[in-house]
Every structure is written in structure tokens, then in C-alpha cells.
Amino acid sequence: MSTSNDITRRTALGLGVVATASAASGLLGTSPASAHGTGHPVPGPGRGHGNPHLAAAVSKEFPADTTTLLRNPLNGWALYGSSAPAADYWTQYDDVPLPDGTTITVSDYASVMYMRVSWTILEPSEGVYGWDTNAAFAGILAEARRRGLRLAFRVVVDSRDKASNFTPDWVRAAGAAGYETQTGSKTVWSPYPDDPVFQAKYAAFVAAFAAEYDDAATTDFIDGYGLGKWGEGHSMIYRDAANREPVFDWIIDLYQEHFTKVPLALNYHRMIGAGKDWGSPDPDSERMLDGAYEKGYVLRHDAFGMTTYYSDWEKSMAAKWRYKRPIIMEGGWVTAQHDVTQDPRGYVTVADVRQGEFDDSAEAHVNMMDLRNGETLSWFAAETYPLTQRFDAEGGYRIYPSKVVAPGAAAAGATVEVTHEWTNIGWGYLPDNIPVWQGKYKAALALLRADGTVVKTFVDTASDPSKWLKGTPTSYAFRPSLSGVAKGSYRWGIAIVDTTAGNVPGIQLAAQGTKQNGWLVVGDVTVA
């Protein structure tokens, strides 16, 4: 049982807090804020088997940790990978100098390795998959996992602006209809997305792709669309333009049918599924996108910092879905290729572009920022590294238990009272409200032995991390039972656990303090 309300004197007495100055400062007379900033009295608890020792409560206030890099799901930096990596792909990111003269490994900064990859790489022959047969592709994924990075993908099928066919030739040979375009001197072929042969072959591929990567332990998210130019969902060419929405619904439902554990993302492009690449917002785009987000898709956009392409409409979409669905950022300008001075903000330097991307990200409250190919190292230069540090400290979600009050002694088998308060110092949020996660992350207490092994875990099912927003600390009164716990000396630990993975700690906490096996140590307790 748990309630997110004020803690009354009766609750304090149920904890066995003695009326001393230290005990009073730890609990009596405090009123932790609820999720809405106001509270109501918590009904006094029954005593269970009682607390005969009336020992002072363990009251612990944890300082926030604003510097440690936290590698959490749908949060932090995404390092961009390549399906055909250069020989120095990893070494160029190792031992990168910082302005203070120290060095870092860029992959230690990231939570995810994100890759845009062609269907051809992933299924060069029907039923033969690149993750099994392509040594370069499999190798970069294996190294990413070795470095502790989760994976993320966008599968691209459109060959326009590419030097090779991004849909496998065997799909065309099977009778799929499509069209040819020129990329320089290269003639490439793309399928019509409303062609039935294409759809049948692609549906079989997505099923196999999900069988390999629908694993929340190794995959962070999947771009669940991938059609159109660059896989961004615009500049679409159909056999029949009237099939725009049927195709959109088909591919959204297809990915959701097969990816049931890993979040799916969708570019909130103002021309989603339409035949144009840009212009005034298409009148159907917002409604179509909203339908996908309501089904559970998360938001991403590929033009942060590009003032013309990330403008009022895009900012409105981000604001509309704030704290309902997380947002993944990708910058738009390729500074080595584009004339960034054409941006209405008047960019001159690469540092100006990084500032624009950061400003758009802060306004949108994004959970993730990008370390994409060609731009990565610029985030660690003297002019821009302060922005990198700011995102580490302020961006995404950074959650910690700001205060915990628990009994210092209890009778074996007793039902005890614990209060725990949570604070988020990040501008984003832990998106436990997305349907694919089904509320799997919960606050939990544990009794720990001296070596950190868990004796018993107590999950506060009433806790909801998706509501822990910056500026609104949230408190819960929790009544776990010590039934089955042997008499002895233990430590209280606190964590956010993954209830789908055996209630082990699943979120790294932004707290200073002693940690044992992912549990943040609160203090000692004797069960007698």
C-alpha cells in the first residue's frame, strides 16, 4: 500500500519515531509534496506485529549528482554508427581531448548506438539476414554491446540520393513495382510503398527483424516508419497518391504488431507521408502523427537547430506531447557540407550550430541528443563542451530519492512505514507511461545484507516515475510487510526497479551516496 500524500504525526508514530529533536527533524511536522504539489493526510496505519523497540527512524537526504553520466533507457546521448564502419570508427572516438587537458572516450558518454541502415544490408537475400552474415555490420554491433551501448535502428528502403539500392534486388525480382532515379552517375531503384509485393516482403522482414531486436535489454528504440527520402517520411512516391493514409496506418500497425517490448519512434515531419519535402504544414500531418503517438509511438525529429525546418509547427507538436511521450533529437545541419550561414539565426561557426541545437532541445524538453557522424567531436571542443556538460546535468531525466525515512528497527513479520520522496533535476521525464513499457519501472525498497545481496525487495506499485517532473518533488507513504524476513541486521536500499526483469535496479540514479548492486544505501535496520 502506498499513498503520495502528506506525512502526518500519526504516520510518524507508526514508524516508531521517538519524540526527540533529531527524530522530529527527520519526520515529525514535515509535509512532503505530492505529485500535484499539495497533499492530504495519510490515514494512520495498523501496527501489524508492532515495533517494540521504538527506535528512531533512519532519515536520509541524498544530495543530487549533477555530473555522473547516466546511461538510462530513452535518455542521454545517441552515438551514430555505420553498417560499413571505417577502420578507425571506434579509435577516432577514444582518447578525445577535453578543454581541461584530460581525455574521454566518447562511447562512455552515450547510452545508445543509433544506425540508419538499408534493408539490403539487413536482408541481402530473402530469409538471409545481415546480423548473421555481414561481418562488418555484426562486428560494430558486437563492439557497441561490449562498450555497454544499447542499439537503435532506422531501416531505410528508399534509394533516392543513395549510391546503391536500399531495397534488396530480390524484392524487385519478385515482382514489386517501383521507380528509378539518378544519384550522380548511378541509377537506383525504389519500391512504391503501396505495392502489395513490397508490403508482403517487407512485412516478413519486419517480423524477422523484431525476432532479433525486440529485446529491451539490448535495444533502446526503433524508428518504426523508415519510408520516404532518407527514411524521414516525406517526399513519398506512390502508385496511387490516395494510398497515403492506408500506407501510413499499415506500417505503423506492422511495427507495433512485432515490436511489443521496445519503443517505436516516428519523425514529426510536417509532410509525413506526403509527396512534398517542405512547405506549409500539410493539413493531415498532425492528425496522422497524433494517431501514431496515441498508439504509443514516441517523437523524434531530424532537423533540430535548422531554424527553417524546425519552426513554430514543430515546436507546437513538441509542446503538445510534452511529458506524454518522450522526444528524441537529431540535428539537421551537416556542418561540413551545408552553408550554415543561411540559417535565419545567423550561424557563423560550428559552435553557433551546436548552440542552436541545444536551445531547440531545451525548449522541446528532449530526452535524447545526438552524437552523429561528422558532428560528434565538435561537442567536445572548448566552445561547445559547456553545452555537453549542461545536457549531462540538465537534460533528459535525472532522478534521485531526495529523502527517505524508514524504521531503524522492526519486529519480524511487521508491517512498517516508509516514506520516500523523488526529485527529477532533468528537463525531460522517465517515460514509464508509454504503452510498450506498461509501467514497468517502479520505486522499490530492499533489505540488503552487508555484502549488498538482497534479502527481500518491496516494490511500491503506486509509484509512477513518469510523473516525476522537474520542480515537483513527489512523496509516497509505503507500508511493506516484513513477512518471511529472518531476524538480523540489514541495510535499507532504494532503487527504481524493472518489474519485468526480476525487480532488479533498472534506472541509474542521480544521487550521491553509497551504492551496492544498483541499490542506493539508506541506512541500517534491525529485525528482531
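Gln438 sits in the loop between β17 (418-424) and β18 (441-448). Strands (E, at least two residues) and helices (H or I, at least four) are DSSP runs, numbered from the N terminus. This is a predicted model: local features need pLDDT of at least 70, side-chain atom pairs count only at pLDDT 80 or more, and totals for chains, interfaces and linings use all residues. Residues are numbered from 1 along each chain as its sequence is written, and side-chain values use heavy atoms, without hydrogens or water.

Gln438 is not a glycine, yet its phi is positive, about 55°. The residue is exposed, at 68% relative accessibility. Exposed means over 50% relative accessible area, buried under 20%, partly exposed in between (1.4 Å probe, protein chains only). Trp230 also has a positive phi, near 60°, and is not a glycine. Its loop runs between β10 (219-223) and α9 (244-258). Trp230 is partly exposed, with a relative accessible area of 30%.

Now the helices. α8 (residues 196-213) has 18 residues and spans 25 Å from first C-alpha to last, close to the expected 26 Å. The expected span is 1.5 Å times one less than the number of residues. Buried residues of α8 include Phe198, Tyr202, Phe205 and Phe209.

The axes of α10 (residues 285-295) and α11 (residues 312-320) come within 12 Å and cross at roughly 30°. That makes α10 roughly parallel to α11; the term covers angles under 35 degrees. Axes are lines fitted to C-alpha atoms over the stretch in contact, with angles from 0 to 180 degrees between N-to-C directions. Leu289 and Tyr293 of α10 are among the contact residues, as are Trp313 and Met317 of α11. Contact means heavy atoms within 4.5 Å.

Methods
Parallel < 35°, antiparallel > 145°, perpendicular 65-115°, else oblique.
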